[in-house]
Amino acid sequence: MSERENTRLLALETLVEIEKKNIFVKDALHKLLFQKQFLSKQDRAFITRIVEGVTEYQVRLDYVINCYSKTKVNKCKPLIRCVLRMGVYQMLYMDSVPNEAACNECVKLTKKKGFQNLSGFVNGVLRNVERHIDEISYPEEENNELSYLSITYSMPEWIIKRMIKWYGKDRTRQILKASLETKDLTIRVNTKKVTKEELAGKIAKKGIKVENGYYVSEALHLNGINYVKRIPGFKEGEFFVQDESSMLLCKIGNPEKEFNRWEEKNGDQKETEGFRVLDLCAAPGGKCTHFAQVLGGRAEIEARDLTEKKTVLIHENIKRLGFGNVKTVVWDALVPDSGKKEWADIVIADLPCSGFGIISKKNDIKYRIKEQQLTELANLQRTILTNAASYVKPGGILLYSTCTINPDENEENASWFLSHFPFEKERIEGQVPEALKKYIIKENMLQLLPGDVMCDGFFIAKFKKRELENGY
């Protein structure tokens with residue numbers, strides 16, 4: 001077996017694992033590439049391209065397969081389904097792979113995995129697609145716009161319906177187009193250890209293209225990344241992988257200003273009760289470490305998440321970055337913690353959501369999320385916000401954020417929060433980059449949509465707790 005055939009086999013096995021175990025593509029690829037570190041850069045890139053591409057274009061691939069197969073995709077065995085998608089993906093989207101080779105190798109893989117009796121079926125379907133590759137009949141926009149958009153942008157129809165309801169047809173097309181665009185890797189420079197110029201220079205020497213961020217001064221964009229842990233400066237804790245949209249939370253939170261306000265207010269009590277930040281859903285640690293980077297050792301920061309696995313990940317990143325003032329705690333944000341009543345000067349509530357703002361980076365989100373879950377997620381967020389409200393000191397700040405574009409999970413929940421708790425709007429225009437100010441809504445909220453901006457879709461709201469209120 002050749003090395004390239006081995007990479008195809010690894011890609012197929014990864015796709016089957018994702019299908020059977022319902023795990024994230026990112027996690028499955030990370031596990032595989034960690035185990036197979038001996039693979040060449042070319043082979044690693046080939047496997048990643050196949051696995052991510054098949055997932056990203058799954059709706060379109062299934063449509064094509066169903067056009068030329070008597071057995072529909074959803075009726076096939078998981079391995080056969082995956083091998084057919086692999087074959088069609090290579091024919092449609094990988095010019096470097098001859099169509100005949102794509103067919104032949106998929107048939108070989110079918111036999112190798114013990115499905116000799118179905119190798120003829122796989123060969124027949126893929127050869128049928130190959131013969132008609134230039135004449136595949138896709139839905140026409142004028143006849144069925146919804147089906148056309150779904151197949152063209154490989155997005156489930158129910159999500160498109162929702163997006164049109166939220167933002168209209170034109171902006172929905174913009175969002176759908178952006179969902180298929182490849183983005184550079186974005187990192188936040190740990191300025192406590194290195195300057196942005198020094199780190200950019202080290203990375204560029206390795207042949208990686210480096211550009212400055214668009215909105216945040218600590219951001220760098222990298223192109224040509226094969227394995228994050230091999231980027232110069234990773235082990236030394238000189239950067240953290242984080243999108244600029246996520247970095248904006250710290251900018252809008254403005255912890256330096258909040259610390260100065262706290263210092264003026266507390267005077268002699270500074271030694272007995274320090275400035276505190278509480279991050280409720282902190283994994284993998286991007287936001288809490290950003291606050292630690294800005295505040296240095298002047299703040300006590302507690303980073304929480306649901307499981308020990310997640311808090312271990314946070315702790316590893318804290319240790320790598322060198323922030324000794326960040327403590328990790330396993331805690332379910334849905335469970336009230338009376339011990340933290342009015343404890344924090346800043347509470348970060350970056351909450352679980354539908355994730356529609358980051359589909360271009362996590363393209364399996366569109367298949368994992370179900371329509372009925374949207375209401376469940378919005379209600380879950382309200383429960384966590386209720387708990388979060390009690391942790392904020394009078395005069396303190398609550399930051400609410402998600403990586404989705406669903407108004408029910410964002411501005412509707414923010415408005416609900418203001419109507420139920422003793423908080424008021426905290427204006428954010430002074431902390432938002434000039435290029436993004438037009439995306440501020442209702443003075444204290446920022447809603448970024450894919451295609452509008454050079455970063456992920458993201459939502460941030462900022463609230464200040466009224467001084468005269470004490471508990472509930």
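1. A cavity, on a 1 Å grid over the protein atoms alone, is a set of points where a 1.4 Å probe fits but cannot get out, and its lining residues have an atom within 4 Å of a point. Grid points are joined across faces, edges and corners, and a volume is the space filled by probe spheres set on the points. A search of the whole structure finds one cavity of 30 Å³ or more.

2. The model is predicted: local features need pLDDT of at least 70, side-chain atom pairs count only at pLDDT 80 or more, and totals for chains, interfaces and linings use all residues. Residues are numbered from 1 along each chain as its sequence is written, and side-chain values use heavy atoms, with hydrogens and water left out.

3. The largest cavity holds about 50 Å³ of space. Its lining includes Met163, Ile175, Lys183, Phe356 and Pro450. By class, six lining residues are nonpolar, three polar and one charged (Ala, Val, Leu, Ile, Met, Phe, Trp, Tyr, Cys and Pro count as nonpolar; Asp, Glu, Lys and Arg as charged; the others, Gly among them, as polar).

4. A pocket is an open set of points with protein on both sides within 12 Å along at least five of seven lines. The second largest pocket has about 500 Å³ of space. Of its 19 lining residues, Glu19, Gln58, Asp62, Arg85 and Tyr367 lie nearest the centre. Helix H4 gives the largest share of this lining, five residues; helices (H or I, at least four residues) and strands (E, at least two) are DSSP runs, numbered from the N terminus. The lining of the second largest pocket comprises nine nonpolar, four polar and six charged residues.

5. Glu56 lies in helix H3. With a relative accessibility of 12%, Glu56 counts as buried (under 20% relative accessible area, with exposed over 50% and partly exposed in between; 1.4 Å probe, protein chains only). Beyond its neighbours within four places in sequence, Glu56 is in contact (heavy atoms within 4.5 Å) with residues including Ser154, Ser179 and Tyr367. Its C-alpha atom is 9.7 Å from that of Ile365, 309 residues apart along the chain.

6. In helix H7, the buried residues include Ser119, Val122 and Arg127. The buried residues of H7 pack against H4, H5 and helix H6 (99-112).

7. Strands E5 (residues 275-279) and E6 run parallel and are joined by five bridges; two strands pair if DSSP finds at least two bridges between them. Phe275 stands opposite Ala299 in E6. Six of the seven residues of E6 (residues 299-305) are buried, so this strand is largely enclosed by the rest of the structure.
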